[in-house]
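Subject: Structure handover

Hello,

Please find the structure below, with the sequence. My notes come after it.

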Amino acid sequence: MQNLLSKKLEDNMFILNEKFLECPDIKRQRVLLKDGTPAVIIYVEGLTSIDLLQRDIIPNLLRLESAQVFDENMQTVRLPVASLSLLNEIDALISDILNGKTAVFINGYDIAISLSVIKVEKRNISEPTIEKNVKGAQEAFVESINTNISILRRKVKNNRLKIRLLTLGDLTNQTVALVYIEGIANPEIVETMYNKIVDIQYDGIFDVGYIEQLIADNQITPFPHYLYSERPDKTVSCLLEGKLAVLVDGSPFAMLAPMSFFSAFQALDDYSTSWPVGSLTRLLRMLGLLMALFLPALYIAIVSYHYYMIPLNLLIPLAESRARVPFPPIIEVLILETTLEMLREATIRLPTFIATSLGVVGGLIIGQAAVDAGIVSNIIIIVVAVTAIASFLIPNHDMALTIRYTRFIVMLFAAIFGIIGVVICGVFLLSHLIVLESMGEPYFKPVFPFNRNDFKDIMLRPSLKRLRKRPTLAHPLDKTRGKTNDKQSK
Amino acid sequence: MINKANEISSNQVFIFVVSAQVGFGILSMASTLADDIGHDGWIAIAFAGMITALLICLIVATLKRFGNITIIEINNLIFGKYIGRIFSLLAIAYLTYATVLMMRKFNDIIRLSALRLTPPLVLTSFIIIPIIYLSWYGLKYICRYSTLKIFLIIIVTLYYILLMKYFRFTFLQPIGAAGAAKIIKVSFSPFTSFIGYELLTFIYPYIKDKKKVLRNTLYANAFTVVFYIITVAMLTGFFGEVMLKQLLYPVFSLARAYRAPVVERLDLFFISLWFPIMISTVLTYYFCAYNSIKIVFNIENNKQKSKLLIWCFTIAVILLSRLPKDMIQLNTLFDQLGYVSTAYVGYIFICYLLSFIKRGNKKNEKSA
């Protein structure tokens, strides 16, 4: 199959018609120029602005003679359009047409005009739905990559914001953007990421999550390798730390890399309030993490093996309420926890009007009715409810899910080995987190291996004046924030 | 070629050595010392620490002399391929012996403090899981994990502050009552609790910056000595030497003494703190044994064989750890472990001496 255009319009049309067989959305319009030369306009209906085409392009085209369309050097055309390119390869033209551009073929020329009069139907920029914030910007990414890039550009008005575009999806041909700030992001990490993404062989990428799984360093882990955010402000704050953002056309999320375990517990609100409040929120979240992981397991361990640890005043009501329950603690906890997880999963995918009634049903199960029926005891309901609340504290959705499921493993071993099970599971979890790496950077970084500068921003949130140094996780080239340093580096 | 996952910095040497040293010896050391010299145990520890520091200098000097190799390669260099291999296997047998005993002791402590009825084989197979996992990934990760231990040791020390009001200084007086000669003589007994530094001979080539090795190892030894002195002094001042003699694991008995306001018994949490500490001690020995076997049989870069080896080794450790019949026999074996490790250090000293002869030979050959 020949790849270059021929001078005869009919030959070109024959090839294109064959390629676009059974594609009724691709319109092929024949027109005649002023001197009677036939020309063909090809575009995808729905991706092209018909108004602009009718008003500006076609009338001007019809007014020209075929010899007048191109300039002498065949560099440009006499048409009022902001962006155009001249192509002579059929494959490139097809890819342009499919990306929403309009192609014009003129008889007698082996070169075609590709005009950008794109108009894509898209969602408006809306509020974030998953990462809510009290203060700060109330906008989220949308599905269109061009809009997302423009949002980032609006936030970073600097030519150092660099965007590398590539195409992914062997079948879907989606645009992927690798965004970073030159002078801050470490070129080594940028290159590694770029090469990793280029190497991806997959038919279609429907979300940035696909990219994560295809390039992850460690395939056997429940923990997320990279951070996701639908918030442009969070993305920019990560870019300023020297991290990279990956955007995929069709996904309203940015993937941020590299990531550490603790960055899943940071929210932008921590930084926009005063530091004592921000620090307390952080501590609360860390406590939430520990409770979400270990509270039901500790309950099981203590009730089944080490009941002597419970104060006597509490032991009596506990024994009374446990006496009516026919199951061992682990079964009791599993019944409630599994129901709760089902409830949570169901609410995500149900239509909103059914979800409300689900809340009522859920309230019955995790409530007095279950106790009265003698299935569970009073205290376990409190334990499970507190654990659930604690797990909702984790700001990162992926991390919260992982923690929720890991809890079940800890619970099972607590039922078999008591407190030893909890401790060994904790040790194993820690070992796993230590072994994990995100883009070659230790996942558990500021703690093991210890880094003093980064550590102060983990459990607490020091005042912004004391956070002059960028976190070292991404090995930023420019190590301090602020202008004085900027001048020096120039 | 050195695997990247095994490479450690010289600061991590500190963590590694502390990790190998602190673990099992300290749990019962105070009562052994009380048996021998009464309330002056802490002085004996200080002496033992100094002896250990000297031995560390000796080991580092030996390693420096041979350059960038482990004891396995040193054996091959000095004794030739076949005899050297026998010595290497003996060294590995020593490491395995230590691992097995520690594993068994760990198991017994858990049975004593928390789970009385769990079948020992099941328990051992369970607690060994994180050890296998980290050993498989390499030394770098082991050192990262062991950083936790430093934090835990500090927490344990802080726990003593809670009990300061029961501390009686009179229990420690008169200082030096046992007499200098006896203290020095006895100081060879806690000396066995300091074993762990000899593992340096197995990990030396993996250290990136070798200049600070000696300094950091000595710091690690000092850290251990200070922790031991504080612990033994605390235990002696708390229980008194008469009471101390009767306790099996005085560190745990100390934990039971504290009455927390809300939680009925805090001791289980305190004992739980010790489990990660003990795991990392077993871990260091386990890794050194496993890694040395890999070097001896030259399968460092063969993933399939390494996988087979780690499973076989694990099963061997679990089964061997069932061999000691009871706690008394185990304690006797543990005491002997101290002598074996001393013998190993002596062997390194011999290597050091032989290195001069070898070097001399080479010079002769060259001049001839």
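This is a predicted model: local features need pLDDT of at least 70, side-chain atom pairs count only at pLDDT 80 or more; totals for chains, interfaces and linings use all residues.

Residues are numbered from 1 along each chain as its sequence is written, chains are lettered from A and ligands numbered from 1 in the order in which they are written, and side-chain values use heavy atoms, with hydrogens and water left out.

Aromatic contacts

Over all chains, the search gives 39 aromatic pairs (rings of Phe, Tyr and Trp, the last by its six-membered ring, with centres within 6.5 Å; planes under 30 degrees apart are stacked, over 60 edge-to-face, the rest tilted). One of them is B:Phe24 with B:Phe334: the ring centres are 6.4 Å apart and the planes stand at 55°, so this pair is tilted. B:Phe24 is in the loop between helix H1 (10-21) and helix H2 (25-37) of chain B, while B:Phe334 is in helix H15 (residues 327-367) of chain B, so the contact ties together parts 310 residues apart in sequence. Helices (H or I, at least four residues) and strands (E, at least two) are DSSP runs, numbered from the N terminus. Both B:Phe24 and B:Phe334 are buried (under 20% relative accessible area; exposed is over 50%, partly exposed in between, with a 1.4 Å probe and protein chains only).

B:Phe87 and B:Tyr347 have ring centres 5.4 Å apart and planes at 15°, so they are stacked. B:Phe87 belongs to helix H4 (residues 71-113) of chain B and B:Tyr347 to helix H15 of chain B, so this pair links parts 260 residues apart in sequence. B:Phe87 is partly exposed at 27% relative accessibility, whereas B:Tyr347 is buried at 14%.

The charged end of B:Lys105 sits over the ring of B:Phe334, 4.3 Å from its centre (NZ of Lys or CZ of Arg within 6 Å of the ring centre and within 35 degrees of the ring normal). In chain A, A:Arg164 lies over the face of A:Tyr194, 4.7 Å from the ring centre.

Strand S4 of chain A

In strand S4 (residues 102-106) of chain A, five of five residues are buried. S4(A) pairs with strand S2 (residues 38-44) of chain A in the antiparallel sense over four bridges (pairing needs at least two DSSP bridges), and A:Ile42 stands opposite A:Ala103. Three bridges join S4(A) to strand S5 (residues 112-115) of chain A, also antiparallel, with A:Val104 opposite A:Ile113.

Regards
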